[in-house]
Amino acid sequence: MCHAPKSTKVAQKRPRSESDELTAIDNTAKSNSDDKDPLICKHPKVEGNEADLSKDIKGSAGHVTKLFPVPSLPNGTSKPKRPELNFERCLKYPAEYYVEEARRLKHKADAMTDKSAKAFQYLESALSFIEYGIALESNAQKFAYKIFQDTLDFIKFIMTLKHCISPSASSHEEIFTVLCMRCLSLLSMAMFRDKKETAVKYCSILSDHFKRFPTKAPSPFVARSTGMPSPFLAMLSPTTSQLGSNASNYSGNSMCSSTTVSSNIPDITYSYVNITSYVLSALNNWERADALILKNTEFFGELDAASDELSLTSSLIRLVHYVRQGLHWLRLETKMP
């Protein structure tokens, strides 16, 4: 993707209303759905350093995979007792098919009054939006990053419709929460991988800069005299794509730097933190989901047997299969339409 990530700010965002969330994702899909070329079935692309990244994350998390053994049935097999859905290993329809399906499901959910039923239907819609992003990505389109970003925000909104984080949440609500959090984790990892090369480049620039200028300098984000945020903050670009266009703004008296790179250090740092924050967010949601999985081992043991256990390096198509299977079982157990 050419688009850069939205800035991740330290301060908590103002909660977005239902209409804000749904309008954003719907508008993004509409603006990016002109391409109707047939989707070529491809295997998920694997980044060269994913194995190393996964190894580091597993070491810090402690229990990313193999949380529990797959339960065995009386006949000695590990086949799930619940009905299994049939899945294709790759997408076989053009991108337009998935975005239309996502819109249909979302509009159906819009008309529902029961919050639980609405949440289930919205999550089904989110899965179709993910498939839409996968289809665009497979066709080398440049809109997938934005679709994944909006879908991530959409799923955060979905979680507000149920008592996902409440200590009094039921077992079914905990399972629904895990399915949402797995989506958040793997979408965050996909967005990080999309910007990984930029992050590596910025890491090198920052390392070189701080080796050349090791002395502690006052932060450009805080005014010396008042301790209040500096007006310089308003000059920071929220996207990496604007870095070049804004570079000239920082080469004057306010930065007092002899090189263009040095004058762009605040911008580069800001963007670097935004990109790497996707990994931290992914790990945080993954570990929170792990804690809930340990309270519902039978359900997720069968789900792992039916759909293959997920990891932080799993492809998004595997994520869709996993969550859709779990959501299907959850509908049956809760008698949700």
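**Charges and rings in a predicted model**

Let's start with the rings: the count comes to 9 aromatic pairs. Keep in mind that this is a predicted model. Its pLDDT averages 75, and 62% of the residues score at least 70. A search of the whole structure also turns up 13 salt bridges.

**Rings**
- Y122, F129, F154 and F157 are joined into a cluster by ring pairs.
- R82 puts its charged end over the ring of W329, 5.5 Å from the centre.
- K162 does likewise with the ring of F176, at 5.6 Å from the centre.

**Salt bridges**
- R103 pairs with E100, with the closest N and O atoms 2.8 Å apart. Both sit in helix α3 (residues 95-110), 3 residues apart, or about one turn of the helix.
- R103 counts as buried because its relative accessibility is 11%, while E100, at 36%, counts as partly exposed.
- R331 and E124 also form a salt bridge, at 3.8 Å between the closest N and O atoms. This one links distant parts of the chain: R331 is in helix α12 (residues 316-334) and E124 in helix α4 (residues 115-138), 207 residues apart.
- R331 is buried at 13% relative accessibility, and E124 is buried at 16%.
- E124 and R331 belong to a salt-bridge network with E131 and R324.
- D194 bridges to K195, the closest N and O atoms being 4.0 Å apart. D194 is partly exposed at 26%, whereas K195 is buried at 4%.

**Where to be careful**

Conventions: Residues numbered from 1 in each chain as written. Predicted model: local features only at pLDDT ≥ 70, side-chain atom pairs only at ≥ 80, totals over all residues. Heavy atoms only, no water. Phe/Tyr/Trp six-rings, centres within 6.5 Å; stacked < 30°, edge-to-face > 60°. Lys NZ or Arg CZ within 6 Å of the ring centre and 35° of its normal. pLDDT = per-residue confidence, 0-100. Salt bridge = Lys/Arg side-chain N within 4 Å of Asp/Glu carboxyl O. Helix = DSSP H or I, 4+ residues; strand = E, 2+ residues; numbered from the N terminus. Buried < 20%, exposed > 50% of the residue type's maximum accessible area, 1.4 Å probe, protein only.
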